[in-house]
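Hi,

Here is the structure I promised to send over. Have it open while you read, and I will walk you through what turned up in it.

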Amino acid sequence: MSKKITKICCIGAGYVGGPTMSIIAKKCPEIWVTVVDINKERIDQWNNANLDNLPIYEPGLKEVVGETRGKNLFFSTEVDRAIDEAEMIFISVNTPTKTYGKGKGQAADLKYIELCARNIAKIAKNNKIVVEKSTLPVRTAAAIKSILDNNGNGVHFEILSNPEFLAEGTAITDLLHADRVLIGGEDTPTGREAKDALSKIYEHWLPKERILQTNVWSSELSKLVANAFLAQRVSSINSISALCEKTDANIEEVSKAIGFDSRIGPKFLNASVGFGGSCFQKDILNLVYIARTFGLQEVADYWEQVIILNDYQKRRFADNMITTLYNTVSGKKIVVYGWAFKKDTNDTRESAAIYVVDALLEENAEIVVYDPQVSEKKIYADLDYLNTRSPAENRRLLKVGDKPIEITKDAHAIAILTEWDEFKAFNWQVIYKNMLKPAFVFDGRRLLTTGSMEEIGFKYYKIGQK
Ligand SMILES: NC(=O)c1ccc[n+]([C@@H]2O[C@H](COP(=O)([O-])OP(=O)(O)OC[C@H]3O[C@@H](n4cnc5c(N)ncnc54)[C@H](O)[C@@H]3O)[C@@H](O)[C@H]2O)c1
């Protein structure tokens, strides 16, 4: 097996595959990097001459793509060819929660992973290192290995687990300054050689001591556990935000007070309308499913509570809006600022906004959404996917605006559901004038200042504060 990798391929040109491979291409100019996907539209967007039309919005991404694309970074739909040519193949396809059959609503759907493994087995004519970049249930590598070894052309496959820890919105910085890189592989001569080969790629820009080598199962499990711990912190502080609203305590002061404890630390202690994104919920559900599969009921119940609390927080926010608006939002215009699940991304998967708005639409509210990066098409697709009402009804009750100030004309209330920086810079005086009185603002991201909002005249509700 070649030690020095010169050609790699990544299957899946999504939020992980695209940015990760762009950075590898930038930092390893001698390596030829091809990112492939079956989604032609996505590949066309990655190849678009105008870098503002890349399929993913991430600060700093277009600069890196602009520097490397066409030199040693390529985007293509020719999956088989890329597999054939590569010495190392990253699998970076989506692993959503199953929506059917056994484990429905909890287990990870591994059909895309299995398709990739079968395809690699069919195409490969020489030894390959196969890297799991997707987040996978512990022991998936064994399944991939079995598929590869039983369907392959007699070549040797070495499977590595190399989970990705980047966060959307800060993907490029996270990749460039990763806290750690995890490489799981077998403790055999070829396994160790493969781990070293992958480590060498990362050593182009990261200190070796931050590249941890483990066994495959620890690596797979660590990714699920990291996300579970992060989400747990959000749910923990959100549970306290509900208590603050009842008791006159202030969540910001509580977060600061506990965050000063070096054992707790200050990060991930911001109360909000709830976490979203493609990963936290999916990965916890996965952990819960695995624990149940092994008969560990208490372990499963413990982690499931993190999701239950998150759902509660979104529902609580919507309920509070309805109650405050005199127990009815029917026919009332409500402006929603933010649809993405967090700032600096156009990703909306599991965004809290979807669920809060769905609850308000159930009460016949008239919604107008503004988000600086999310398209109208995506917003309707997210709502239609819930299947709560007909697509026609969604389009009747909800409109999407691109003029954030003008859309507040005659609105009863504004809900801030994503923490985009630009919302802070809005002219809130003008917004106040535009709105019906009393003018309500429900700040689900704790973005604005109570004093100045109240001074303007708003009835201002900030999550975690009475
Ligand atoms: N998004 C994140 O922030 C993040 C962070 C860390 C880890 N992860 C994990 O990384 C994995 C990928 O996540 P993502 O957000 O990039 O997903 P994504 O949906 O953005 O991208 C996945 C891509 O894989 C493609 N694909 C699916 N099957 C294919 C096949 N057989 N051949 C070629 N292409 C195929 C899809 O068309 C899609 O473009 C998931 O397992 C996720 O849990 C995601």
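Let me start with strand β10, residues 366-370, which runs parallel to β11 and is joined to it by three bridges. One place to look is Val-368, which has Lys-399 of β11 opposite it. Please keep in mind throughout that this is a predicted model.

Both strands belong to an open sheet of six strands with parallel pairing, in the order β11-β10-β9-β12-β13-β14. The edges are taken by β11 (398-400) and β14 (459-462); each has a single partner strand, so one side of each has no neighbour in the sheet. On average, neighbouring strands here are turned by 20° against each other, direction ignored. Helix α12, residues 297-324, packs on this sheet and touches β9 (333-337), β12 (413-416), β13 (440-443) and β14. The direction of α12 makes about 165° with that of β13.

Two spots in the loops around β13 deserve a look. As a reminder, most residues other than glycine have a negative phi, and most peptide bonds are trans. The peptide bond from Lys-437 to Pro-438 is cis, with omega near -5°, and Pro-438 sits in the loop between α16 (428-434) and β13. In the loop between β13 and α17 (450-456) you will find Arg-446, a residue other than glycine whose phi is positive, near 50°. Is Arg-446 buried or exposed? Its relative accessible area is 15%, so Arg-446 counts as buried, the cut-off for that being under 20%.

With a relative accessible area of 57%, Asp-248 is exposed, whereas Arg-446 is buried.

Strand β1 (residues 7-11) has four of its five residues buried, so the rest of the structure largely encloses it. β1 pairs in the parallel sense with strand β2 (residues 32-36) over five bridges, and Lys-7 stands opposite Trp-32 of β2. Together with helix α1 (residues 17-27), β1 and β2 make a right-handed β-α-β unit. β1 also pairs in the parallel sense with strand β4 (residues 88-91), over four bridges; here Ile-8 has Met-88 as its bridge partner.

Strand β7 (residues 181-184) and strand β8 (residues 211-214) run parallel and are joined by four bridges, with Leu-182 bridged to Leu-212 in β8.

Where does Pro-163 lie? You will find it in the loop between β6 (157-161) and α7 (171-176). Pro-163 is buried, with a relative accessible area of 5%. Leaving aside neighbours within four places in sequence, Pro-163 is in contact with Glu-132, Lys-133, Leu-182, Ser-219 and Lys-223. For a sense of distance across the model, Pro-163 and Phe-458 are 46 Å apart in space, C-alpha to C-alpha, and 295 residues apart in sequence.

Finally, helix α9 (residues 216-247), which packs against helix α11 (residues 280-293) at an angle of about 120°, their axes 9 Å apart. The crossing of α9 and α11 is left-handed. Which residues meet there? From α9 come Leu-221, Lys-223, Leu-224, Asn-227, Ala-228, Leu-230 and Ala-231, and from α11 come Phe-280, Asp-283, Ile-284, Asn-286, Leu-287 and Ile-290. By type, the residues of this contact divide into nine nonpolar, two polar and two charged. Lys-223 takes part in this contact and also touches Pro-163.

Ser-218 is in helix α9 too. Ser-218 is partly exposed, with a relative accessible area of 33%.

Happy browsing, and write back with any questions.

Best wishes

Technical notes: Residues numbered from 1 in each chain as written. Predicted model: local features only at pLDDT ≥ 70, side-chain atom pairs only at ≥ 80, totals over all residues. Heavy atoms only, no water. Pairing = 2+ DSSP bridges. Axes fitted to C-alpha atoms, helices over the stretch in contact; angles between N-to-C directions. Contact = heavy atoms within 4.5 Å. Left-handed = near helix turned anticlockwise from the far one by under 90°. Nonpolar A, V, L, I, M, F, W, Y, C, P; charged D, E, K, R; others polar. Buried < 20%, exposed > 50% of the residue type's maximum accessible area, 1.4 Å probe, protein only. Right-handed = clockwise from strand over helix to strand, strands pointing away.
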